[in-house]
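Student: Could you help me learn to read a structure like this one? I would like to start with the charged pairs.

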Amino acid sequence: MKLTITEALAQIKTINKRLTKMRETVQLYIARQERMKDPLLADGGSVQYIARERQSIADLEQRVVELRRGIAAANARTTIVINGEGRSI
């Protein structure tokens, strides 16, 4: 699937917002006191939740890297002429 640079930048912005929320949520369960009841026990517990969220965070971070790599490649292929001299963006 091809994206425009504008679409890729919008995706990066959206992903970064999601990453911020995901990291905040994970932090709530990392520092939970052990004597308190696990609020996620019915879904496999905090440990499994944190593992799933960390994997999701890693996947989203990889997607941002891929989008930025694509943007850089598109900019390298695109040339503009300034004062008769061609340069990549």
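We will go through the salt bridges and then one threonine.

Tutor: Welcome! This is a predicted model, where local features need pLDDT of at least 70, side-chain atom pairs count only at pLDDT 80 or more, and totals for chains, interfaces and linings use all residues. Residues are numbered from 1 along each chain as its sequence is written, and side-chain values use heavy atoms, with hydrogens and water left out.

Student: How many salt bridges does a search of the whole structure find?

Tutor: A salt bridge is a side-chain nitrogen of Lys or Arg within 4 Å of a carboxyl oxygen of Asp or Glu. The search finds three. One of them joins Glu-61 and Arg-23, at 2.4 Å from N to O.

Student: Which parts does the pair of Glu-61 and Arg-23 tie together?

Tutor: Helices are DSSP runs (H or I, at least four residues), numbered from the N terminus. Glu-61 lies in helix α2 and Arg-23 in helix α1 (residues 5-30), so their pair links parts 38 residues apart in sequence.

Student: Where is Thr-78 found?

Tutor: Thr-78 sits in the loop between α2 (45-77) and β1; strands such as this are DSSP runs too (E, at least two residues).

Student: Which residues is Thr-78 in contact with, leaving aside its neighbours within four places in sequence?

Tutor: Contact means heavy atoms within 4.5 Å. For Thr-78, those partners are Arg-87, Ser-88 and Ile-89. The C-alpha atoms of Thr-78 and Ile-89 are separated by 6.1 Å, although the two residues are eleven apart along the chain.
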